[in-house]
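I opened this entry to keep a record of what I looked up, going from strands to ligand to chains. My notes follow the structure itself.

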Amino acid sequence: MTGKWKSFGIAVAVVGALGIAACGSSSSSSSSGPKGNLEFAVFHAFSGPNAAYGPEAAAGCYPAIVEINAAGGILGHKVHCTPVDSKGEPADAVPAANRMIASSSSLVGVIGGGSNEATAVVPLFQQAHIPIFSTTGQSSFDHNTASYFWRILSPDSAQGSAMAAAAKKLGITRAATMFGNDIAAQGSAPSAIAGVKRLGLALPASQTLAVGQSSYRSEATAMSNAKPQAIITEADPQTSATYFSELSQVGQVPKLITDPVSQEPNWRKAMGGAIGTTLLNKQDYAVVAYSPATLPAYKVFTSELMASAKHVPNPSQWNADLYSVADYDSAIIMALAMDAAHSDAPGVYNRYVTKVTAPSSGATIVHTYAAGKAALAHGKHIQYVGAVGPVHFNQWHNAGNAFAIERYVNGNWKVYSLITAAEINAAAGF
Amino acid sequence: MSVSDAGEAPVFDSVSAGYGGHEVVHDVSLAVGQGQIACIVGPNGAGKSTLLRAITGDAQFLGGRVWLGGEEISRIPSNRLIKRGLAWVPQVDDVFTTLTVRENLELGGFLLPRKGVAARVDELLDTFPLLAGMTSRVAGRLSGGERKLLAIARALMPAPSALLLDEPTAGLSPEMTGLVLQNQIPRLSASGVAILLVEQRALEAIAVSSRVHVMVSGVIRASREAHEVTDWDELARVFLGEQ
Amino acid sequence: MAVFISAVGFGVVTAAILAISAVGFTLQFSVTNVFNLAFGSVMTLSGFVAYWLNHAGLNIWVAMAAAAVSGGLISLAINEAIYTPFIRHGLNLFGMVIVTISVAVIFDHGLQAAVGPTFFSYTAPAGKAFRFADFVLTRQELIIVGIAVLLTILVQVALQYTRVGKAMRGLAINASLARACGVPTRGVIALAWFVSGVLAGVGGVALFLDISTFTATTGSEFLIVIIAAAVLGGIGSPRGAVLGALVVGIVTEVGAAYWNAELKDVLAFGVLIAVLLVRPQGLFSRLATERAIAR
Ligand SMILES: Nc1ncnc2c1ncn2[C@@H]1O[C@H](COP(=O)(O)OP(=O)(O)OP(=O)(O)O)[C@@H](O)[C@H]1O
Ligand SMILES: [Mg+2]
């Protein structure tokens, strides 16, 4: 349970993998005896500053294998999840990936590769012809050409594109932007500004604020004079509060198109104190990644997650985690692709990933591995609609999740409107 | 006008003083008669300033007693000394450099009744006419001599009964030295102020003093009535620590 | 032109808010020579006193007056209980800076532990807005500017013309000589701590009203700008602190209006460095610079 035992477990796993390498290289490498187990590697940081990423991804993999094994496994094989520690650093991730590729003959797919190590390791898996379902947020993979790379979730920049798309969806024609000059806010600023322009909206003001100043009166005055119908904004609570309180003094606070930061209690407390909670709740439209709790696959995920307590300590902490949910879908999609391909050979089934996820007229929509396996056994085409919703990979193997506009009503966040991956792609220029 | 009517002169009774526990002045006893001038001469580093600083709280008082008008003053906070009639002019840092000449004098009269301050400032400007023309000048911009006059004038503001002067002529021109030593100081003592004068210019100092003390290496080597000092060779030997 | 006038106007408002605290900081430093980096914590603590009173139903200006008194008392208490023993032991200037930083950390984080790492706001209507072209001033801002002008003039006049004011200035430059004049230095130093605490209290509430929300560390976060204003004006000079605050305020607002809002503090601190290059002693110079801590 403790960190110490966790790393002990990882050490055992890694040593185990090395053991397999020793055996594999001796005699039985080409043997095709009784069918062995298949492995999904959970390749993430399990130690170091980002040590939370590994367990988060494992919380997606384990529920998936519970689901798959309960349905009889893939092509007769049982499936395992094998945690491999990338340490969240290219210098450690590269040798770990190489060792894993060299040693494990039963490795059929990789769940992982976060923003820290994806650039370094994706070429290795591409070379080794092993599919990797990554959760990296880097925009450098937006036009990825590595055929074994797959990304279900949107890149970080999608937040900004979604905010621009939200403005359009709200019927706004003049949208200004105001972002803090800190790293967090600057992540979505360029894509929001580009999105506003790309969608043909007027951009009467685009401000980058030095955070933590005692006054933004000149900036607020300029914003007020620009008369936008909405301000697309992300800044820390202090900066937002000072700015908008001054804006409310020199003019009026228009609609605010905000991001998940605005759902944090601190931000609401600061902004509520600055412009009043009534005005804040009236004008605030928060754009957040959409995880549809009502989807059938999501419900399966949560129940399988609870059944994975043996490998996933305190499983309920992950049940609304978009990354865990996406990693669950990754494993199910790989399993279904193997069934569709009638092969667990990565080089073969990789081509079937889109075939089990793309929408097509005659396809049977399935939400579980069991249902998909059965439909495939009956010779049907399937479309897996996962726990994150439909997974529609484009030519660069990026799917992208939907976003929602949420409003704070009577003490709760309510979905006001959905922004589809297609609408976000329009803002992002895909 | 005086803030004190003690009207009596200081007496040092086996005073030891120093810094950080280290004794620099050993067992010094001397007295200044009312309306008289006593002077302490001695080589650099002898401990003359240290003896005065022991009273003003700027050096450590390590033993003995100092009396003023029958009251012991060795252990009282230095800001109360002026209430007993004791004023002093330190060797260095003797004026408030960021304040004007007038403000320096006003601050010198800090304990005077509010109404009397302006009149007393005018009195002193009459006594030191050189300062009268520069009352709104910042003290830090005065010449060395002007500055020393201001320091003395400031000390005289509350009309003290006793005055400690640490090298009032250091750095002054011969004319200025003459003005201070032969004019101002005798006039003060004539008005009843007891003055303890530390001086490098031994001959000039002795000429106006009633009693002379020679301090060498922290101890008083010789004490004489000023008119008795005729053997300059002996004095020079004492001065150089040869006795 | 309208933009320029409004930016200058906004700069004056910013300056007024910074000036109250900057005058307090510079006054206390010049008299005691303790470079008190816990000044921001005094601002915050008294800001919270005002917050509690304000949320108990008190008018914000009454709460501000209470913050002024408690700021004075807190400042006095910090000096008496914490700084004075160190000064008696002869800790040097730099050692004292470390002590003041420690006090700031202890106060800020202690307060944060008590109130939580979250944001607080006063209940105070900004009031009627007065509009001159682009320049908009609320009643609240007008009052703050008024208070700032009043307080800084009061401090300046008191230092210049009153007996205790002169004693304070004298003590600042030569404590030993001030004692020779009969100045009760301990009392005057205590008064300096109190007055500077009063200004920290008022300055804290004014700042927190202005930025509309604050945390347990906000005072310390803004201390750099306040010190910058004080240093720019010539540390030890209340007039200088006001002028420094005006330069910082106007440069940042004009910079934001005409140049680049992202770089407005870069501009302000650039000006600061340029001024110090030409006038190392600040805009209003003092003659003496080096001096030990006043006891
Ligand atoms: N603040 C101090 N701390 C430690 N030692 C000191 C201090 N001031 C002076 N001294 C030492 O005490 C001794 C006496 O110094 P003092 O200033 O009393 O001499 P002085 O007789 O006044 O000499 P001068 O004629 O040069 O003024 C010297 O050895 C000096 O180095
Ligand atoms: Mg001396």
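**Hairpins and strands of chain B**

I began with the hairpin that E9(B) and E10(B) form with two residues between them, where B:Ser217 in the turn has a positive phi of about 50°. For the record, the model is a predicted one, in which local features need pLDDT of at least 70 and side-chain atom pairs count only at pLDDT 80 or more, while totals for chains, interfaces and linings use all residues. Residues are numbered from 1 along each chain as its sequence is written, chains are lettered from A and ligands numbered from 1 in the order in which they are written, and side-chain values use heavy atoms, with hydrogens and water left out.

Strand E9 covers residues 211-216 of chain B and strand E10 residues 219-225, and I found the two paired in the antiparallel sense over six bridges. Here strands are DSSP runs of at least two residues (E) and helices are runs of at least four (H or I), both numbered from the N terminus, and two strands pair if DSSP finds at least two bridges between them. Within this pair, B:Val214 has B:Ala222 of E10(B) as its bridge partner.

I then turned to the open sheet of chain B, where four strands stand in the order E2-E1-E4-E5 with antiparallel pairing. Strand E2 (22-31) and strand E5 (71-72) are at the edges with a single partner strand each, so one side of each is left without a neighbour in the sheet.

Going through the sheet pair by pair, I noted that E1(B) and E2(B) run antiparallel and are joined by six bridges, with B:Gly18 opposite B:Glu23 in E2(B). Their hairpin has two residues between the strands, and B:Gly20 takes a positive phi near 55° there. Strand E1 (residues 10-19) also pairs with E4(B), in the antiparallel sense over seven bridges, and in that pair B:Ala17 stands opposite B:Phe61. Strand E4 (residues 60-68) pairs in turn with E5(B) over two bridges, again antiparallel, and B:Leu68 has B:Glu71 as its bridge partner in E5(B).

**Ligand 1**

Which residues are the closest to ligand 1? I listed B:Gly45, B:Lys48, B:Ser49, B:Thr50 and B:Gln200 as the closest of the 14 residues that surround ligand 1, where a residue counts if one of its heavy atoms lies within 4 Å. By class, this shell holds four nonpolar, seven polar and three charged residues, with Gly counted among the polar ones. Helix H1 (residues 48-56) of chain B gives the most to the shell, with four residues.

For polar contacts (pairs of N or O atoms within 3.5 Å), I noted that a polar side-chain atom of B:Thr50 lies 2.4 Å from an oxygen atom of ligand 1. A side-chain N or O atom of B:Ser49 is 2.7 Å from an oxygen atom of ligand 1, and a polar side-chain atom of B:Tyr19 lies 3.4 Å from a nitrogen atom of the ligand. The protein covers 60% of the 630 Å² of accessible area that ligand 1 has on its own, by the Shrake-Rupley method with a 1.4 Å probe.

**Domains and chains**

For chain A, the domain assignment gives domain 1 (3-155 + 295-390) and domain 2 (156-290 + 403-428), the bounds coming from an automatic or database assignment. Their C-alpha centres lie 36 Å apart, and six residues of domain 1 are in contact (heavy atoms within 4.5 Å) with seven residues of domain 2.

Between chains, I found that two pairs touch, and that chains A and C have the most contacts among them. Chain A and chain B are joined by no contact, and their closest C-alpha atoms lie 34 Å apart.

Notes: Polar contact = N/O pair within 3.5 Å; in protein donor to acceptor, adjacent residues only side chain to side chain.
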